[in-house]
Amino acid sequence: MFDKISSFLVPIAGKLNNNRYLGVLRDAFMLAFPLTVFGSMVVVLLNLPFLDKFLSADTISTLSNTFGVAQSATMSILTVFVVFGIGYYLSKSYDVEAVFGGVVALASFLFLTPFVVETANGEVVTGVLSLDRLGAKGMFLGMITAFAAGEIYRKIVQKDITIKMPAGVPPAVAKSFAALIPAFITLTVFLFINAIVVLAFETNLHDVIYSLLQKPLTGLGSGLIPTLVVVFLIQLLWFFGLHGQIILNSVMDPIWLSLSLENLEAFKAGEELPHIISKTFMDTFTVGMGGTGMTLAVVAAILVFVKSKQMKQVAKLGAAPGIFNVNEPIIFGLPIVMNPLILIPWIVSPMVVVIFTYFMMKIGLVPAPTGVVVPWTVPIGFSGYLATNSIMGSVLQIANFCIVFAIWLPFLKVIDRVNLKKEEEEAKEAMANQQTDTLNM
């Protein structure tokens, strides 16, 4: 059965993992990661729940106005970094000058972005960019535009429709002139696309893409059932030795990040958070509990209840990395990969935790994640607090830890009995060989 499933899944997963566009998308989001983490940490510090006990309301307001720019210049314009990253890495994948691919993609996106803002009293101000166009609302249009612009740009370059400078010209100048015609043609295409949409249909592509594509997809991605399907597939792929996060997160990250950004904007405005499931939810309450499959609880269960020397040794090796959510020593050392005795808890426990976490937040016992980016290496307890801005996030993680512990324990005891029997047989065999060697001497 496992061979049949593996023969079906491995080719599909391999194609997804090696897909040029998914790889570019993954690298583009990682380009923005350090910036978004910095912005998120500033938001956390400015919104600590006990600040009002030590500082006056005016002081808190002054701090927010002064240091809030960190969030506005990072998380709020995440789409800008992603668009540049897509143009850069896509061009690089084709061995085309990457920096020019990035700036052309960014300029193409800005061509489609309306420089119009409507104030609270209904006044329309032109020549001003709204931050939401550069953040959550513009994410999907940004990705589509960046890929399209990158493809147009690189095809023109590869067809050698460029200006060639003499040999003595400095490389930077030569590269700029070489990029002139491809950039000119690419930008002209998007300038005319924007003109057609604005003049013929009296709208803009931001609103069109958001209404027709992004809003339905984010609505689907924020649902419990689709999330459980994704978690199931991640665990199943890992069972066969394939990196489920890299394969599926390349598809889901744009949706989950958009949900996180919408939560963050609501959190800053003091409004009700619109989503429970988001990128922060997935990272903090699944991966952030010992790595994929929440194996920190598995390590603890082995160290406390298991007697097998082999399993104890693996758990000791995996304990320190597991605290920081790195669990390859457990996945490949226990092993989890292709181990039928482990398949059930490996798949069931994260799905149960996702359901439990979702409903704890749904009924309001635990706040939903605020949308701040918490690095996935932050240990359990701390990450739950940072993600929800509440100690209840930490309490929920501990409860989830206990759930995983309870699900895995019976299966670990079965594996322990098997390993103990094997170790006893090996010990008897080693003793017999030692006696034989003594007699021969």
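The secondary structure of the protein, in this predicted model, comprises 19 helices and 2 strands, where helices (H or I, at least four residues) and strands (E, at least two) are DSSP runs numbered from the N terminus. Residues are numbered from 1 along each chain as its sequence is written. Because the model is predicted, local features need pLDDT of at least 70 and side-chain atom pairs count only at pLDDT 80 or more, while totals for chains, interfaces and linings use all residues, and side-chain values use heavy atoms, with hydrogens and water left out.

Along its principal axes the C-alpha trace spans about 90 × 65 × 40 Å. Of the 441 residues, 49% count as buried, a class defined by under 20% relative accessible area, with exposed meaning over 50% and partly exposed in between (1.4 Å probe, protein chains only). Among contacts (heavy atoms within 4.5 Å) between residues at least 6 apart in sequence, 72% join residues at least 24 apart.

Tryptophan 346, when residues up to four places away in sequence are not counted, touches Gln235, Trp238, Phe239, Thr292, Gly293, Thr295, Ile331, Ile336 and Trp408.

Among these partners, Gln235, Trp238 and Phe239 are also listed with the buried residues of helix 11, which include Leu224, Thr227, Leu228, Val230 and Val231. The end C-alpha atoms of helix 11 (residues 224-239) are 23 Å apart, which agrees with the 22 Å that its 16 residues should span at 1.5 Å a residue, the expected span being 1.5 Å times one less than the number of residues. Isoleucine 225 also lies in helix 11, but is exposed, with a relative accessible area of 59%; its C-alpha atom is separated by 9.3 Å from that of isoleucine 355, 130 residues apart along the chain. Helix 11 is followed by glycine 241, whose phi is positive, near 85°.

Helix 17 (residues 343-362) has 20 residues and reaches 29 Å from its first C-alpha to its last, close to the expected 28 Å. Its buried residues include Trp346, Val353, Val354 and Thr357, and just after the helix, glycine 364 takes a positive phi of about 90°. Asparagine 400, placed in helix 19 (residues 391-440), counts as buried at 0% relative accessibility, and, leaving aside its neighbours within four places in sequence, is in contact with Phe285, Met289, Val353, Phe356 and Thr357.

Most residues other than glycine have a negative phi, and most peptide bonds are trans.
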